[in-house]
Amino acid sequence: MSPDNGYRSATELLADIAAGRLSSRALLENYIARVEMLNPMLNGIVAWNLEDARLKADLADTAVRNGLPLGPLHGLPMTIKDTFEVLGMPCTAGAPELSEHRPQQSAAAVKRLEDAGAIVYGKTNVPMMAGDIQTYNSLFDTTNNPWNLALTPGGSSGGAVVALAAGFTPLELGSDIGGSIRIPAHFTGVYGHKPTYGLVPQRGHIPGAPGELAEGHLNVIGPLARTAADLQVMLDVIAGGQVQLAAPRRASLKAFRVLLWTEDADCPLDSDMTEAYRQLRLKLEAAGVEVVQGAPAGASLERLFAAYLVQLGAKLGASLSATSRRFMGLIAPVLRGLAQVMDMPRHADKFYEGTGISHANWLKAHEQGLHLREAFLKTFDDFDVVLAPPTFTTAFAHDQYKVISLRSLKVDGKKRHYADLYQWISPATLMGLPATSAPIGLTRQGLPVGVQIIGAPFEDRTTIKFAECLAEVVGGFQAPPGLR
């Protein structure tokens, strides 16, 4: 392994460590050297535990030399998103009030990685309480996209995808309630997987609060990597074997039945992404893949997004005081009225409605979501995967000077509300479906474009397998210019 090359896959590295061709300690030092060289301009890594990591790497090498049994991630150094508790390291979730939080145990998913032999050596940056599609906070400042430092890498797993794209780590652990795995992967050209809801335990993730035991509604924990095969290796570890996932529906790319859903009047795409998906269809069809363009039967992005916002508001509002929830509930009809006469984010009233919702009305909203899900799932009788955009634009310039509700983006010369960034991720989140984000190429401006591969419940292996096969025709991860 070249001393300046951090881009080999986890699968390759693990094979070399197990065979004694590469030492865990040498690999760890390689990553540390890259971080020291590149992190000052990227700000992806925000905390270290090098003393423990070096000790664990040396012990891992000793185990290999002595022929001891090895776990599936034996001796593999990696970084972890700073919303996950890791024993021996801070966990701030980018929040000043948690600046001194030192957990007494690792998060459940992190513990599974550690038990499998992974060595956590660093934490990666996040927006405050994982609450944005950009990554910055008052504790650790701003994380920059390695493709263009003036742009955001996305959020909330922004530091995680930067660590992957810059060659600081072969794997990362993400979380996703508002596209926090899928959108950053799309913005930086890496792979990410939002698992089926409930597949991976959330205990030890912030938010919720430290010590919280409940599994957060809508939220999931999932892997990030530079290859689809590495996603599957990591998912097998963090899922823990509690659910037997179905085998992939298809073994080869041309055997997949694909629905390409990239057009919706409620959230049109920027022209560069539209062209990228046109090229994607041509490449798939040239490879013999059956591709149908259109929306899933009976699916309406508007209805799905509205239902998602009600449930997202209810989830995020749970941490507010009763008085605040009541107040926000009262705002909802006011916003609904204002939307008739003012340019406002689509369905802003639905989020506030959810924030102030009663349990009885939440049950009704949840029932509505289940009916939407049941109708959507019929799509998978005719198609193996649904391909959709992770969001409507590529990576955009840092914008930290307004509250989210007042921000806007300009795409193809038109103003777009910031909240529209969440529209395309809403179906899979609302319905708890697996969705893999995979790179498909670059725009004319040289920015990564990804695609969201959505599958039926617990068919995570199918979406990841499609992502793996897709690389045969579109290529896989590309290192940002100047970093290889």
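# Close-up views of a predicted model

**View 1. Leu218 in a loop of the predicted model.** Leu218 sits in the loop that runs between β7 and β8. The model shown in this and the following views is predicted. The phi angle of Leu218 is near 75 degrees, which is a positive value in a residue other than glycine. Leu218 counts as buried because its relative accessibility is 3%, and buried means under 20%. Pro207 is also placed in the loop between β7 (191–194) and β8 (220–225). The peptide bond that leads from Ile206 to Pro207 is cis, and its omega is near -10 degrees.

View 2. Asp141 is located in strand β5. Its phi is near 70 degrees, a positive value in a residue that is not glycine. Ser156 belongs to the loop between β5 (141–142) and α5 (158–165). Between Gly155 and Ser156 the peptide bond is cis, with omega near 5 degrees.

**View 3. Helices α10 and α11.** Two packed helices are described by the angle between their axes and the distance between the axes. For helix α10 (residues 322–338) and helix α11 (residues 348–355), the angle is about 155 degrees and the axes are 7 Å apart. α10 is therefore roughly antiparallel to α11, since angles over 145 degrees are classed that way. The crossing of α10 past α11 is left-handed. On the α10 side, the contact is made by Arg325, Met328, Gly329, Ile331, Ala332, Leu335 and Arg336. On the α11 side, Ala348, Asp349, Tyr352, Glu353 and Thr355 take part. Sorted by type, the residues of this contact between α10 and α11 are six nonpolar, two polar and four charged.

**View 4. Met344 in the loop between α10 and α11.** Met344 is found in the loop that lies between α10 and α11. Met344 has a relative accessible area of 18% and is therefore buried. Apart from neighbours within four places in sequence, Met344 is in contact with Leu335, Leu338, Ala339 and His417. Met344 and Ala276 are 68 residues apart along the chain, and their C-alpha atoms are separated by 29 Å.

**View 5. Helices α9 and α11.** These two helices pack at an angle of about 40 degrees, and their axes are 6 Å apart. α9 is therefore oblique to α11. The crossing of α9 past α11 is right-handed. From α9, the contact involves Ala306, Leu309, Val310, Leu312, Gly313, Ala314, Leu316 and Gly317. From α11, Lys350, Phe351, Glu353, Gly354 and Thr355 contribute. Seven nonpolar, four polar and two charged residues make up the contact of α9 with α11.

**View 6. Val310 and its surroundings.** Val310 is part of helix α9 (residues 301–317). With a relative accessible area of 6%, Val310 is buried. Not counting residues up to four places away in sequence, Val310 touches Lys350, Glu353, Gly354, Ile357 and Ala365. Val310 and Asp349 are 39 residues apart in sequence, and their C-alpha atoms lie 8.7 Å apart in space.

**View 7. Asp266 in a loop.** Asp266 is located in the loop between β9 (257–260) and α8 (271–286). Its relative accessibility is 18%, so Asp266 counts as buried. Leaving out neighbours within four places in sequence, Asp266 is in contact with Glu302, Arg346 and Gln423.

**View 8. The aromatic pair of Tyr31 and Tyr121.** Eleven aromatic pairs are found in a search of the whole structure. One of them joins Tyr31 and Tyr121; this pair is stacked, at 6.5 Å centre to centre and 5 degrees between the planes. Because Tyr31 lies in helix α2 (residues 24–42) and Tyr121 in strand β3 (residues 119–124), the pair ties together parts that are 90 residues apart in sequence. Tyr31 and Tyr121 are both buried.

**View 9. The aromatic pair of Phe376 and Phe380.** The ring centres of Phe376 and Phe380 are 6.2 Å apart and the ring planes are at 55 degrees, so this pair is tilted. Phe376 is buried, at a relative accessible area of 2%. Phe380 also counts as buried, at 4% relative accessibility. Trp261, Phe376, Phe380 and Trp424 are linked into a cluster by ring pairs.

Terms used:
Residues numbered from 1 in each chain as written. Predicted model: local features only at pLDDT ≥ 70, side-chain atom pairs only at ≥ 80, totals over all residues. Heavy atoms only, no water. Axes fitted to C-alpha atoms, helices over the stretch in contact; angles between N-to-C directions. Helix = DSSP H or I, 4+ residues; strand = E, 2+ residues; numbered from the N terminus. Parallel < 35°, antiparallel > 145°, perpendicular 65-115°, else oblique. Left-handed = near helix turned anticlockwise from the far one by under 90°. Contact = heavy atoms within 4.5 Å. Nonpolar A, V, L, I, M, F, W, Y, C, P; charged D, E, K, R; others polar. Phe/Tyr/Trp six-rings, centres within 6.5 Å; stacked < 30°, edge-to-face > 60°. Buried < 20%, exposed > 50% of the residue type's maximum accessible area, 1.4 Å probe, protein only.
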